Amino acid sequence: MAGQGCFGGTAGRRRGAALVLTALVLAGSLLTGGCADGPRRDTTSQEVQRTLDARAAAVLRHDEAGYLAALDPSARHLAAVARAEFANLAEVPLGSWEYRVTGVRSSGARATADAELRYRLDGYDTSPVTAERRLELAERDGRWYITADRPGHGGGEQLWQQGDVEVVRGTHSLVLGVGRQPERLERIAAEADRAVPAVSAAWGGAWAGRVVVVVPESLDAMGRLLGAPAAEYRGIAAVTTGSAGPPGKGPGPADRVTVNPEAYGLLGDLGRRVVLTHETAHVATRAHTSASTPLWLSEGFADWAAYRGTGRDLRQAASELRRAVRGGDVPAALPTDADFRFGGDARALGRAYEGGRLACELIADRWGEDRLRAFYRAVGASETRDGAVESALDEVLGTSPERFTADWREYLGERLG
């Protein structure tokens, strides 16, 4: 690489000055002993990583003193908060806990570090959850100490930062709650346990066969967990968080189903069953859901799986879309990703979900459930979004986007008109 020497510069450049520069370099080396060692390497990132490694090890061995030892001794308020968070973690079955420093900006004895907290729940997560953290640190006597620990850009709180975590284990589920009665968490675990085999039957493929459900104390607490305004989730009974990664790259970060205790509590038995089955379907299909998968397919399949076998009348299960179709307003095209945005028109959101579900139902009715599953996998396996649906429609179903859209619009009229 050009310019790696002490003096820098590109070989052959400004040849007329070469002899002068050489003389200056030789003279400088006689006076200073040369510069073979170069400037002192900044080791702040490695030193911060060591601080976080020690903290992670303390979490796994349930060592409160070791956990607190990573904090600046003068940050008494931070120590009190950290002590409470450590106690809140007591019942959480951690299988792994680690930090990975991704960037450090330092100035003298102060530094700000961006890091990924990666943790896995023993017996439930096949891959870790990743949470972005931003830490502020101070150097004292050659060691870096944490002075602040906050969510990274766009990130949210962790459940144990909101209170003592109650843990309920089901047959196929793990429920983590804060501020909820154990009996309520046990009912949610039972509902999740029923959802898992229903999803396995609908998906027909290998998956972990278990689900982790998080139940915060309130809607506001849910918003803080998800790093978004609580108002976006008002009326939304539950959401699933996880990453749809590139196809064929292995499992992404573990999924969490987060329940809105306010909206979920208003549902009847069937409503709770549908909600948890829908969210569990997202967990089951995650490995085959990628950036190439449109929301009408991922949300539609999850809804199809949730209603499958319930015998629910479409006049009730697709009420918003039925109202539009009966009023002569048949959608011209399948729902776009923007149609699934939370926090907007609730009726339009309902029509988007119902339209996606009926598209999946059309495939299952006309081509068979196996073809629906194959279609889902084929779309998710595409390396690019462009052409993913078109190719899968051709290769798996033997149709075109135009023909499929026309068939879907006709199907809406038949089923809802």
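## Helix α2

Let's begin with helix α2, which covers residues 44–60. This helix has 17 residues and reaches 25 Å from its first C-alpha to its last, close to the 24 Å expected at 1.5 Å a residue. Keep in mind as you look around that this is a predicted model.

Which residues of α2 are buried? They are Thr-44, Val-48, Gln-49, Thr-51, Leu-52, Arg-55, Ala-56, Ala-58 and Val-59. A handy rule for reading such a list is that an α-helix has 3.6 residues a turn, so residues three or four places apart point the same way. After α2 comes His-62, with a positive phi near 55°.

In soluble globular proteins, nonpolar side chains tend to be buried together. Here, the largest nonpolar core has 71 residues, and the members touching the most others are Val-213, Trp-296 and Phe-375. If we set aside neighbours within four places in sequence, Val-213 is in contact with Leu-174, Val-175, Leu-176, Ile-188, Ala-192, Val-257 and Val-259. Another core, of 43 residues, lies apart from the largest one and has Ala-82, Ala-131, Leu-174 and Leu-225 among its members.

## A buried charge

Now find Glu-299 in helix α9, residues 295–307. Is Glu-299 buried or exposed? Glu-299 is buried, yet has no salt bridge. Its nearest side chain of opposite charge is Arg-286, 8.0 Å away. Not counting residues up to four places away in sequence, Glu-299 touches His-278, His-282, Phe-340 and Tyr-353.

How values were computed:
Residues are numbered from 1 along each chain as its sequence is written. This is a predicted model: local features need pLDDT of at least 70, side-chain atom pairs count only at pLDDT 80 or more; totals for chains, interfaces and linings use all residues. Side-chain values use heavy atoms; hydrogens and water are left out. A nonpolar core is a set of buried Ala, Val, Leu, Ile, Met, Phe, Trp, Tyr and Cys residues joined through side-chain atoms within 4.5 Å. Buried means under 20% relative accessible area, exposed over 50%, partly exposed in between (1.4 Å probe, protein chains only). Contact means heavy atoms within 4.5 Å. Helices (H or I, at least four residues) and strands (E, at least two) are DSSP runs, numbered from the N terminus. The expected span of a helix is 1.5 Å times one less than its number of residues. Lys and Arg count as positive and Asp and Glu as negative; His and the chain ends are not counted. A salt bridge is a side-chain nitrogen of Lys or Arg within 4 Å of a carboxyl oxygen of Asp or Glu.
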